[in-house]
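Trainee: I would like to go through the charged side chains of this protein with you. Can we take them one at a time?

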Amino acid sequence: MRFEYYHDGLANTPKLSVDGTVSNAIHFSHWKGNQTPASVKADTSTEIALNLAAAPNREELTGGIDLVTNNHFDTDGVLSVWAMLNGERALELRDQLLAAAEAGDFSEMSTQEGVRASIVIQGSDSPTDVGSPLARQLAGEPVNDDARCYELVLPHVERVLTRTNDYASLWIDPWNRIASALESFARGRSRVEEDHETKLSLVTLAPDIFSSVGFKPTRHCAPFTAISHHARGEVYLIATPLDGGWAYRIDYPYYSWAETIVRPKIKRRDFSSLIARLNEAEQNPAGQWKIDTSELASAAKFSDANGKLAASSLQLDIVTSELRDALRKSITATA
């Protein structure tokens, strides 16, 4: 097996499309729209690659093609490519590979080492942390080219997984932020309340989960790993105290963007009527309730003209009630 980052020159070349999905290829991917062989499907692309490595009919499934490609750089992409290239050796590291892949793509923490390894490869669970810390360290400068990131990172994957503490300088600060958020839930300062009827998780975050000076919309995003570790619903209402009011965002579970086999499929809701009602009641002219799909699992936010979270005038119980009502109607409509 050999790897080449996807480019237009490969368009007419038979290939194995790992994680990302490209045309004229056999797919081994969990991205929606994939045509991955049913016998190896799994929730992460890394697990799909591991299933392929263990398959007795691997040669048949790959069609004898040895060219592996992907069209983006992230933890699951890197690990699925590495698993394809390393076959049986990858199977020996199955648990480490899956923990890191799930941390990277779904913001899930099955092990601390998995979260830390993902941070080393792609950065923290914050979308504001851009670029691979490991690629940056190896190159001695920021690396903005995905193909170059693969070239730098792939030779180091096994060491990242098996000697994660060697890379502590790369994961320590983001990990400390995640650990602080987890502690906030453990101490009850941040909380999750589950509404089993509507499958809504009401997540209220303590401002000190972000820093000693509190939540700053221009600097902070939701603590995705801590939320996914505690919330169990199909829709999350995430509320953070801000400027005497609440900053609100509505998310879906962080695995829901992918085609999954074990994790339940999450239906995307039509929140347009909800957003209209909330805007009618809203009294803060500095912001607006908006449908928001800028992140893979985001649904709606109350944000300012720059797209940053703002302080809504609406009380938490009002927003929660309106969202529950919208979810009840959605359930009734599909019954």
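This is a predicted model: local features need pLDDT of at least 70, side-chain atom pairs count only at pLDDT 80 or more; totals for chains, interfaces and linings use all residues.

Mentor: R249 counts as buried, because its relative accessibility is 4% and the cut-off for buried is under 20%.

Trainee: Where does R249 lie?
Mentor: R249 is the buried residue we began with, at 4% relative accessibility. The element that holds R249 is strand 8.

Trainee: Which residue does the side chain of R249 meet in a salt bridge, with an N to O distance of 3.0 Å?
Mentor: A salt bridge needs a nitrogen of Lys or Arg within 4 Å of a carboxyl oxygen of Asp or Glu. At 3.0 Å, N to O, R249 meets that rule, and the partner is D251.

Trainee: Is D251 buried or exposed?
Mentor: Buried requires a relative accessible area under 20%. D251 has 0% relative accessibility, so D251 counts as buried.

Trainee: Which side chain is joined to R249 by a polar contact of 2.8 Å?
Mentor: The side chain of R249 makes a polar contact of 3.0 Å with the side chain of D251. The contact of 2.8 Å joins R249 to the side chain of E295.

Trainee: What does R249 touch beyond its neighbours within four places in sequence?
Mentor: E295 is on that list, and so is K301.

Trainee: Is D325 buried, partly exposed or exposed?
Mentor: Buried is under 20% and exposed is over 50%. D325 has a relative accessible area of 28%, so D325 is partly exposed.

Trainee: How many residues apart are R263 and E108?
Mentor: The side chains of R263 and E108 meet in a salt bridge of 2.7 Å, N to O. The pair links distant parts of the chain: R263 is in the loop between strand 8 (245-251) and helix 12 (272-281), E108 is in the loop between helix 5 (94-106) and helix 6 (112-122), and the two are 155 residues apart.

Trainee: Are R263 and E108 buried or exposed?
Mentor: The pair forms a salt bridge at 2.7 Å. Both R263 and E108 are buried.

Trainee: How many salt bridges does the count come to?
Mentor: The rule is the 4 Å cut-off between nitrogen and carboxyl oxygen. By this rule the count comes to 24 salt bridges.

Methods
Residues are numbered from 1 along each chain as its sequence is written. Side-chain values use heavy atoms; hydrogens and water are left out. Helices (H or I, at least four residues) and strands (E, at least two) are DSSP runs, numbered from the N terminus. Buried means under 20% relative accessible area, exposed over 50%, partly exposed in between (1.4 Å probe, protein chains only). A polar contact is a pair of N or O atoms within 3.5 Å; within protein, one must be able to donate a hydrogen and the other to accept it, and residues adjacent in sequence count only if both atoms are side-chain atoms. Contact means heavy atoms within 4.5 Å.
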